[in-house]
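Please read it alongside the sequence and the model.

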Amino acid sequence: MFKKLFFIGLLLTATTSFAEPCPTIAEIKAGFWHGWQPLNLDSGSLISPSALAYFKNNVQNFALAEWMKDAPEGEAHCYYNGDDKKDNTYLGVFLTKENLTADTTSLAWHKLNKNILQCRISLQTCQFITTK
C-alpha cells in the first residue's frame, strides 16, 4: 500500500513540476521572461526596444494563452492587454516559447480548430506542459 501511495505522489510531483504558465505581469515588468520571447503581433518578428519598453510599461492584464500546432515561432503563445480590456491589439506583442503543449487536463482550454487551443481564464489555469 505504501509503495502505491509513494508512486502516485511521485507521479503527481513529476507532472506538476513540468507545468509552466505564461509570465505574470510583475515578471514581465521586471524583465523575468523565463525563456519566453516577445514578438511583434503582426509580423512575428522580434520587437524593437521601444516596442518592448511600451509593452512593459503598459501591460496590465493577462488576456489569452494559445497553443498553435506547428507555429514556426513556437507553439505556446501568451497575450496581454493594457488598461483597455476591450482593445484586442494586445499591445502589439505576444510572447512565445517552444517545446510546450497545452495542459489539457484543465477544462479551461477550448478547441478553436484541430490545430489551435485557447484559454482565457487565468495565468494559473491556462498552463502549458514541457514536451522536451
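The notes below cover a histidine site and then the aromatic pairs of this predicted model.

His77 sits in strand β4, which spans residues 76-81. Its relative accessibility is 1%. The cut-off for buried is under 20%, so His77 counts as buried.

The side chain of His77 makes a polar contact with the side chain of Glu73, at 2.9 Å. Contacts beyond four places in sequence include Cys22, Trp36, Leu64, Ala65, Glu66 and Met68. Ala71, Phe94, Leu95, Thr96 and Phe128 also touch His77.

## Aromatic pairs: a stacked example

The count of aromatic pairs is seven. One of them is Trp33 with Phe55, a stacked pair. The centres lie 6.4 Å apart, with 25 degrees between the planes.

This pair links distant parts of the chain, 22 residues apart. Trp33 is in the loop between α2 (25-30) and β2 (37-40), and Phe55 is in helix α3 (residues 49-58). Trp33 is buried at 14% relative accessibility. Phe55 is buried at 0%.

## An edge-to-face example

Phe62 and Tyr80 have ring centres 6.1 Å apart. Their planes meet at 75 degrees, so the pair is edge-to-face. Phe62 belongs to strand β3 (residues 61-68) and Tyr80 to strand β4, 18 residues apart.

Phe62 is buried, with a relative accessible area of 16%. Tyr80 is buried too, at 0%.

## The cluster

Which residues form one aromatic cluster? They are Trp33, Phe55, Phe62 and Tyr80.

Terms used. Residues numbered from 1 in each chain as written. Predicted model: local features only at pLDDT ≥ 70, side-chain atom pairs only at ≥ 80, totals over all residues. Heavy atoms only, no water. Helix = DSSP H or I, 4+ residues; strand = E, 2+ residues; numbered from the N terminus. Buried < 20%, exposed > 50% of the residue type's maximum accessible area, 1.4 Å probe, protein only. Polar contact = N/O pair within 3.5 Å; in protein donor to acceptor, adjacent residues only side chain to side chain. Contact = heavy atoms within 4.5 Å. Phe/Tyr/Trp six-rings, centres within 6.5 Å; stacked < 30°, edge-to-face > 60°.
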